[in-house]
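This report describes selected features of a single protein chain. Please view the sequence and the model together while reading.

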Amino acid sequence: PLWPSEHTDSEGKVQAYKEGGRFQNPWMNGRPSAASFFVSWFVTGPDESNIPGATELNETLPVKPPVWLSDPNFTVSNARLTWLGHATTLAEIDGSAILTDPVFSGRASAVQFAGPKRYTAAACKVKDLPPLAAVLVSHNHYDHLDLRSVSRLAELQPNISWFVPAGMAKWLKDNTVVSGEKVHEMTWWQEEQLEGTNIKI
């Protein structure tokens, strides 16, 4: 389906919009509901992931310690990207460290005793991260936003600037010690300047 024209700007860029207080995604119309997906995934469906067992996975895609743990002389570089798992990456840009979609827990779930489990351990712990200038959160699914991880980050590094989707600032402030002035809500196509740098988010 096409994006509604009334929610598309003059340049043809689609704009986020709500109906009944919830953001909409007409591109998902006609697809199975989230409930039917999870029933199929957990209960009735076959495992078609083709993900190898732990031994083979460790041989083909070993988890290595990031450079800031292995190099005693580490300093944040001008251009380096370190993949920490799924959507969690540490981008070093012009001497600033920026973390995306922080998930360091064992499961992408509201609880740690159930839900999708990591195939391998995280490459490091939250406490091991270098000083961060910013954290970028793309969206609030459990595999991109982990309450335990962001809570610990906020405690350990209170000066981080947080860039989150529209509507998420309240959740972040209500559930962590992040202060309001450190949270920047954004929507599609927006840009923000990272304080004290020439970096645009």
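Against which strands and which helix do the buried residues of H4 pack?

## Packing of helix H4

The model is predicted. Helix H4 spans residues 147-156, and its buried residues are Ser-149, Val-150, Ser-151, Leu-153 and Ala-154. These buried residues pack against strands S5, S6 (134-136) and S7 (161-165), and against helix H5.

## The open sheet

Strands S5, S6 and S7 belong to an open sheet of 6 strands, ordered S3-S4-S5-S6-S7-S8, with mixed pairing. Strand S3 (79-85) and strand S8 stand at the edges; each has a single partner strand, so one side of each is left without a neighbour in the sheet. On average, neighbouring strands of this sheet are turned by 20° against each other, direction ignored.

Within the sheet, strand S4 (residues 88-93) pairs with strand S5 (residues 96-100) in the antiparallel sense, over 5 bridges. Thr-89 has Thr-100, in S5, as its bridge partner.

Lys-182 is located in the loop that runs between helix H5 (169-175) and strand S8 (183-186). Is this residue buried or exposed? Lys-182 is buried, yet has no salt bridge. The nearest side chain of opposite charge is that of Glu-195, 4.3 Å away, whereas a salt bridge requires a distance within 4 Å.

The side chain of Lys-182 does reach the backbone oxygen of Asn-159, at 3.3 Å. Not counting residues up to four places away in sequence, Lys-182 touches Pro-158, Asn-159, Ile-160, Ser-161, Trp-162 and Glu-195.

Conventions: Residues numbered from 1 in each chain as written. Predicted model: local features only at pLDDT ≥ 70, side-chain atom pairs only at ≥ 80, totals over all residues. Heavy atoms only, no water. Helix = DSSP H or I, 4+ residues; strand = E, 2+ residues; numbered from the N terminus. Buried < 20%, exposed > 50% of the residue type's maximum accessible area, 1.4 Å probe, protein only. Lys, Arg positive; Asp, Glu negative; His and termini not counted. Polar contact = N/O pair within 3.5 Å; in protein donor to acceptor, adjacent residues only side chain to side chain. Contact = heavy atoms within 4.5 Å. Pairing = 2+ DSSP bridges. Axes fitted to C-alpha atoms, helices over the stretch in contact; angles between N-to-C directions.
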